[in-house]
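Subject: Structure handover

Hello,

Here is the structure I said I would pass on. Please look it over first; my notes on what was found follow below.

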Amino acid sequence: MSTSAMRDYLDGPHKAARDVVRAGLAAHADLGDLAVRLPRDEYRDRILDLLLQSAADGLPARGYPKEYGGDADLGGFIAAFETLAFGDLSLMVKAGVQFGLFAGAIQHLGTEQHHERYLADAISGRLLGCFAMTETGHGSNVQALGTTATYDEATGEFVVHTPSAAARKDYIGNAARHGRMAAVFAQLVVGGESHGVHCLMVPIRGADGAALPGVTLSDCGPKLGLNGVDNGRIVFGQVRVPREALLDRYAQVDADGNYSSAIENPDRRFFTMLGTLVQGRVSVGGAAINASKVALTIAIRYSAQRRQFGAPGSNEEAILLDYRMHQRRLLPLLARTYALHFAQAELVEEFARVFDDDQGEHDRRALEAQAAGTKALGTWHATETIQMCREACGGAGYLAENRLATLKADTDVFTTFEGDNTVLMQLVAKGLLTDYRESFGKLDPLGMARFVTAQAVEIAVEKAALRPLIERLRDVVPNRSDAADPDAGLRDDAYHSGLLRFREEHMLSGVARRLKGGIDAGDEPFDVFNRCQDHVIAAGRAHVDRIVLEAFQSAVRNAPEEIRPRLQDVYDLHALATIEAERAWYLEHGRLSPGRSKAITALVNELCAVVRPVAVDLVDAFGVPGSATEVPMVVPSQHE
């Protein structure tokens, strides 16, 4: 396999942006152990130095308008940001706070006056800022934030205030040490009326680094990981800012205290404002996938040369990666990382298309759901993969110098920030249910009858156990192609898509029936939804699994001829491992017979053996730079 050809294909259209970041990371060979080598304040300041260097190298400028020193290349900006995850993750997160969230709020929620005043300084790092959304008492429920911004008509100012301990801004990146201004999300009160959450630019520190009057800043203290990011807490005590501090793209307040917005519905206005900030969610998902690549690079390179035990009577010990169980631990995770990489690549291109062309509300809603699902799967995958890689490296994996400990600690919070994954999966499922309801509502009486009949037949087939019978007949009496190649059916892309689509659609229709049944019975909608919450989240997960699978299928079809056969093997391993992980569900619902289920497990084993000889090439194609690719220290075996 050509490693360079595979790397070029993985890097895609933004290879140049990725290579610039790789070169920058390779120039700083000490990035791998900053977290364990430096005291916390020195570590934070070192990360700030690296952040400013990345700004000088042009990383943030890629994503911003040319009139403010940018390149207007959103796809390249996201790709470069993701690649930062190959180095120190505190640098990646601090860059996300500064260049993604803070500068992004200015660009997407502000108007020309804000762009002229702040944007160039924000993307150059001359103005260090915070994204002050999360509160102690309100995490994912942004609509219920307690901080207020009340307009004072007499002075033409907004008064920003923290009315309770629960309304304290919490976990705010850049707040503890470096930030000078904050994009503050608060309930906007004008003329005694609340208009919901809006964003204002509020200075928090002077040039000397001291907190400004009315602003109380504190440090969140040591964390499980990401200690190079200065997370802090902010409390506002009647802090006054001029009327122009309101980022007013979607709502305006004039000098007389009149509030206006082109979006009349307050809920729609709120979700439109938040939807413009989807960039952070897209970026975190991609960074988590790249962190998985680092862990797999370390673990697979290590297991390809580490020896342990051997055949009885032999003096030669076996290589770890030759053990079937070791292959089982790592290679399906490698295959899923490839799958998620291609799903993320599709998401980045869709993000660039929607925001470059300023697409309408429907496209943005679809993008938000896709970003939520990919972020959730990518970050869950990182947590699982890094833990398995740590175990697969044994004692060497526990040493801080080999990076897995830091990777494990730094990525753990990825499942929480930019949206808790469970909440994000609900967002995905709710979007699907909305589309389901709209499609259902458009059916004419004949279409409705056909739909209901199809559902009834579906349930009857399951109850009568006809599907297992059909599957058993198919297994016992193969068709001609099966006779020539017993694995032909199992390695068929359409078969994989069919199974995942069936699971998704069955779960979705089941949730819809349960919700409708509960509401028709007169139960409170919240109680009905709460009873179905696990089912809702499972339906969202099934949908994203299918999206990821089909993104990988598309990538294989479009791959250069020289790498397509190898990529097809990796795809098949991912597809069948995904089905195998849910085989109990497929057996329960009559989509797999016991014999076919066993055949899938046997084929996953075979595909692990097929992928094993090129496993090191496959991780080398990720292009993880510098010390991240070095094999951990080999622990001597008991025979040495």
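**Notes on the model**

Threonine 385 is buried, with a relative accessible area of 0% (buried means under 20% relative accessible area, exposed over 50%, partly exposed in between, with a 1.4 Å probe and protein chains only). Threonine 385 belongs to helix α11, residues 361-392. Helices here are DSSP runs of H or I with at least four residues, strands are runs of E with at least two, and both are numbered from the N terminus. Apart from neighbours within four places in sequence, threonine 385 is in contact with Ser292, Leu296 and Leu333, where contact means heavy atoms within 4.5 Å.

This is a predicted model, in which local features need pLDDT of at least 70 and side-chain atom pairs count only at pLDDT 80 or more, while totals for chains, interfaces and linings use all residues. Residues are numbered from 1 along each chain as its sequence is written, and side-chain values use heavy atoms, with hydrogens and water left out.

**The chain as a whole**

The protein chain has 24 helices and 13 strands. Of its 640 residues, 53% are buried. Among contacts in the protein chain with a separation of 6 or more, 74% are between residues 24 or more positions apart.

**Helix pairs**

Two packed helices are described by the angle between their axes and the distance between the axes. Axes are lines fitted to C-alpha atoms, for helices over the stretch in contact, and angles run from 0 to 180 degrees between N-to-C directions. Angles under 35 degrees count as roughly parallel, over 145 as roughly antiparallel, 65 to 115 as roughly perpendicular and the rest as oblique. A crossing is left-handed if the near helix is turned anticlockwise from the far one by less than a right angle, and right-handed if clockwise.

Helix α9 (residues 279-303) and α10 have axes that come within 9 Å and cross at roughly 150°. That makes α9 roughly antiparallel to α10. The crossing of α9 past α10 is left-handed. On the α9 side the residues that meet α10 include Ser292 and Leu296, and on the α10 side those that meet α9 include Leu333. By class, the contact of α9 with α10 has 13 nonpolar, nine polar and one charged residue. In this scheme Ala, Val, Leu, Ile, Met, Phe, Trp, Tyr, Cys and Pro count as nonpolar, Asp, Glu, Lys and Arg as charged, and the others, Gly among them, as polar.

For helix α2 (residues 15-26) and helix α5 (residues 74-83), the axes come within 8 Å and cross at roughly 30°. α2 and α5 are therefore roughly parallel to each other. Here α2 passes α5 in a right-handed crossing. Ala17, Arg18, Val21, Arg22 and Leu25 of α2 make the contact with Gly76, Ala79, Ala80, Glu82 and Thr83 of α5. The contact of α2 with α5 divides into five nonpolar, two polar and three charged residues.

The axes of helix α18 (residues 493-520) and helix α21 (residues 564-581) come within 11 Å and also cross at roughly 30°. α18 and α21 are therefore roughly parallel to each other. The crossing of α18 past α21 is left-handed.

In helix α1 (residues 3-11), the buried residues are Ala5, Met6, Tyr9, Leu10 and Asp11. Their cover includes α2, α10 (324-356), α20 (533-558), α21 and α24 (615-620). Glycine 12 follows α1 and has a positive phi, near 65°.

Helix α13 (residues 404-411) has Leu404, Thr406, Leu407, Asp410 and Thr411 buried. They cover an arc of only 160° around the axis, which puts them on the same side of α13; the arc is that of the directions from the helix axis to the C-beta atoms.

**Loops and a strand**

Most residues other than glycine have a negative phi. Glutamate 418, in the loop between α13 and α14 (421-441), has a positive phi of about 60° although it is not a glycine. Glutamine 238, in the loop between β8 (232-236) and β9 (239-242), has a positive phi near 55°.

Alanine 207 lies in the loop between β6 (193-203) and β7 (215-219) and is exposed, with a relative accessible area of 89%. Histidine 195, in strand β6, is buried, with a relative accessible area of 14%. Leaving aside neighbours within four places in sequence, histidine 195 is in contact with Leu188, Val190, Tyr259 and Arg269.

Regards
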